[in-house]
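Please look over the chain below before reading on.

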Amino acid sequence: MNTRSGATLAIMINETGEHIVFDSREELDKYIKEHNLSEEDYIEELIYIELPPEPFIEEK
């Protein structure tokens with residue numbers, strides 16, 4: 001079986017322990033700016049995930 005992996009960007013808000021996942025660096029940066037977060041307010045994370053194998057599709 002062939003497994004795939006990937007990664008996603010997230011931050012953890014120090015005050016609440018809440019994790020927020022983002023689709024892009026730009027989205028993460030926009031969130032930080034809009035919520036006026038300082039570097040002490042959050043921890044940036046790179047979360048690695050294992051994806052299911054791609055489905056086998058027979059060519060006709």
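Ser5 is exposed, because its relative accessible area is 61%; exposed means over 50% relative accessible area, buried under 20%, and partly exposed in between (1.4 Å probe, protein chains only). This is a predicted model, in which local features need pLDDT of at least 70 and side-chain atom pairs count only at pLDDT 80 or more, while totals for chains, interfaces and linings use all residues. Residues are numbered from 1 along each chain as its sequence is written, and side-chain values use heavy atoms, with hydrogens and water left out.

Ser5 belongs to strand β1. Helices (H or I, at least four residues) and strands (E, at least two) are DSSP runs, numbered from the N terminus. Not counting residues up to four places away in sequence, Ser5 touches Ile49, Glu50 and Leu51, where contact means heavy atoms within 4.5 Å. Pro52 is 47 residues from Ser5 in sequence, yet their C-alpha atoms are 8.4 Å apart in space.

The chain as a whole has 1 helix and 3 strands, in the order β-β-α-β from the N terminus. Its radius of gyration is 16 Å, well over the 10 Å that the globule rule gives for 60 residues, so the chain is more spread out than a compact globule. That radius is taken over C-alpha atoms, and the globule rule is 2.2 Å times the number of residues to the power 0.38. The C-alpha trace spans about 55 × 20 × 15 Å along its principal axes. Of the 60 residues, 17% are buried.

What makes up the largest nonpolar core? Its 8 residues are Leu9, Ile11, Ile13, Ile20, Phe22, Leu28, Ile32 and Tyr42. Leaving aside neighbours within four places in sequence, Phe22 is in contact with Thr8, Leu9, Ala10, Ile11, Glu27, Leu28 and Tyr31.

Turning to strand β3 (residues 42-51), one finds Ile47 there. Ile47 counts as partly exposed because its relative accessibility is 30%.

Technical notes:
Core = buried A, V, L, I, M, F, W, Y, C linked by side-chain atoms within 4.5 Å.
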